[in-house]
Amino acid sequence: MRGGEPPYKRHDTVLIVDFGGQYTHLISRRVRELNVYSEIVPYTMVTEELIAEVKPRAIILSGGPSSVYAPNAPTIPRWLLEQGIPLLGICYGHQLIARMLGGRVERGYGEYGRVVVRIVRHSKLLHGWASREVVWMSHSDYVAEPPRDARILAVSEETGYIAAYEIPSMNIYGVQFHPEVSHTPKGKMLIRNFVYRIAGCRPTWRVENLAETLIEEIRSRVGGSHALCAVSGGVDSTVAAVLASRAIGDRLHAVFVNHGLLREGEPEEVLKTLRGLGVRVDYIDASEDFLSALRGVVDPEEKRRIIGRLFAEIFEDYAASHPEIEWLIQGTTYPDVIESGAVPGADRIKTHHNVGGLPEKLGLKVLEPLRYLYKDEVRRLGLALGLPEEVVYRHPFPGPGLAVRIIGEVTPVKLRIVRRASRIVEEEVRRAGLYRRVWQAFAVVGDDRWVGVKGDRRSEGYIVTVRIVESEDGMTADWARVPYEVLDRIARRITMEIPEVTMVTYAVTTKPPATIEPC
């Protein structure tokens, strides 16, 4: 394992089978909020060997975009339903279980958004629910006929569709709605009931207690060797570097590369922070190399590939000049692994240069101590390690830096605009006391121009788009409802302090369909 001994070896584990649902990570997070470890696997990886290895205390089948009756619809082996392991199907999972056990699933009236369901039978799963509850639905298929031996627990008041059922003899439960989303007010209670009352999981998963375990794992894996760790100043790489530094001391080679695409004042801040945490850092200024290589490049994925390649070359050269280095330590987190398509069945949304981005010819063994953790868990671990709050809660920043916040070619003018505008956005968000409330706040610039008037004269300038989003883990996000007066201050400062800008807009699209970063 790239991250040492997996947590399922030490904790009761809820295995979440992913059918491509947009809320799969949210299910996982809800379980972990109960201090129970959860792990996601695509449905294609469900094998007898996997179940024997993980020994899950419970299994949850996620939602998904497919219809269970469609040709080649995602499915699981029949034997999984016969293990006696407590199993909960959500949305697609609810329909799949019903169909596999002889029920009937049909296309019906779509139910989307808030729906009132009526509880028709008491159950451990719905313990604490009133006779009528609001839930969040997102489906058009429905279970028209439940499996034999199934007991209906709840129905939709408007359509009469089965909203929940149980099959006590098989320890199986299904819900058509999404208990993992906040729009189902008692959804967390349902998940708690399943994890604690039905599966009997022990709440032993506490990230704050992981520090010594991870330090010891790094020390044990690296042994007397040296390790290379790329640091960016973000919480992920900082926590990984601090763990490694405390594990192997001066045998850690932390390297900070300035690619010329960092935020205003960032190189100085990063070096000061890391050295203050006792991490020895080697600083490499490669700004000219990166900006030169990006000249004339417009395609965003090509920009990412170029930046990833240059990073790889720099670290390859560094490793070659330090032959004592045998390990590469990365701050890869769980969503990075999934979003980069490193897990079978997951679609690659963007290339993350810290996931499989460094070439195999680097010849280093990879260690990713954070690969099982979500961002909020990394932050809690960082606080437990004594990192300053300004580092722990610093907004995520993409590895390719400002290059992905510049639409089109990276030019000196556009780089200067986006760097200064982003600083203004962050300053005003902090001033308004919103920085900790939002996930990211930054500016974007492209090639579009807008005619304006400055100093009683016609002025044609750039359009800057401000993007401020709220999120729990970056997998999904909503645009932040920032007070108008804050947006007004941001817009006025940008147009006043950056002469090349004549128009400021605000992005109000969620993720999905948009991503957080523009490209």
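Helices (H or I, at least four residues) and strands (E, at least two) are DSSP runs, numbered from the N terminus. What we have here is a predicted model, where local features need pLDDT of at least 70, side-chain atom pairs count only at pLDDT 80 or more, and totals for chains, interfaces and linings use all residues. Residues are numbered from 1 along each chain as its sequence is written, and side-chain values use heavy atoms, with hydrogens and water left out.

Is Ser123 buried or exposed? Ser123 counts as buried, at 14% relative accessibility. Buried means under 20% relative accessible area, exposed means over 50%, and partly exposed is in between, with a 1.4 Å probe and protein chains only. Leaving aside residues up to four places away in sequence, Ser123 touches Leu153, Glu166 and Tyr173; contact means heavy atoms within 4.5 Å. From Ser123 to Glu426 it is 303 residues in sequence and 49 Å in space, C-alpha to C-alpha.

Now the aromatic rings. A pair of them is described by the distance of the centres and the angle of the planes. Rings of Phe, Tyr and Trp (its six-membered ring) pair if their centres lie within 6.5 Å; planes under 30 degrees apart count as stacked, over 60 as edge-to-face and the rest as tilted. By this rule there are 11 aromatic pairs. One of them is Phe19 with Tyr43: the ring centres are 5.6 Å apart and the planes are at 15°, so the pair is stacked. This pair links distant parts of the chain, 24 residues apart, with Phe19 in the loop between strand S1 (13–18) and helix H1 (24–32), and Tyr43 in the loop between strand S2 (37–42) and helix H2 (48–54). Phe19 is buried, at a relative accessible area of 4%, whereas Tyr43 is partly exposed at 28%.

Why is the pair of Tyr173 and Phe194 called edge-to-face? The ring centres of Tyr173 and Phe194 are 6.4 Å apart and the planes are at 75°, so this pair counts as edge-to-face. Here too distant parts of the chain are linked: Tyr173 is in strand S9 (residues 172–175) and Phe194 in helix H4 (residues 187–198), 21 residues apart. Tyr173 is buried at 7% relative accessibility, and Phe194 is buried at 0%. Going back to Phe19 and Tyr43, they form one aromatic cluster with Tyr92.

Next, charges over rings. A charge sits over a ring if NZ of Lys or CZ of Arg is within 6 Å of the ring centre and within 35 degrees of the ring normal. The charged end of Arg405 is over the ring of Phe442, 3.9 Å from its centre. Arg430 lies over the face of Tyr435, 3.7 Å from the ring centre.

Last, a helix pair. Helix H5 (residues 211–222) and helix H6 (residues 235–248) have axes that come within 8 Å and cross at roughly 60°. Axes are lines fitted to C-alpha atoms, for helices over the stretch in contact, and angles run from 0 to 180 degrees between N-to-C directions. H5 and H6 are therefore oblique to each other; angles under 35 degrees count as roughly parallel, over 145 as roughly antiparallel, 65 to 115 as roughly perpendicular and the rest as oblique. Residues of H5 including Leu214 and Ile218 meet residues of H6, among them Leu243 and Ala247.
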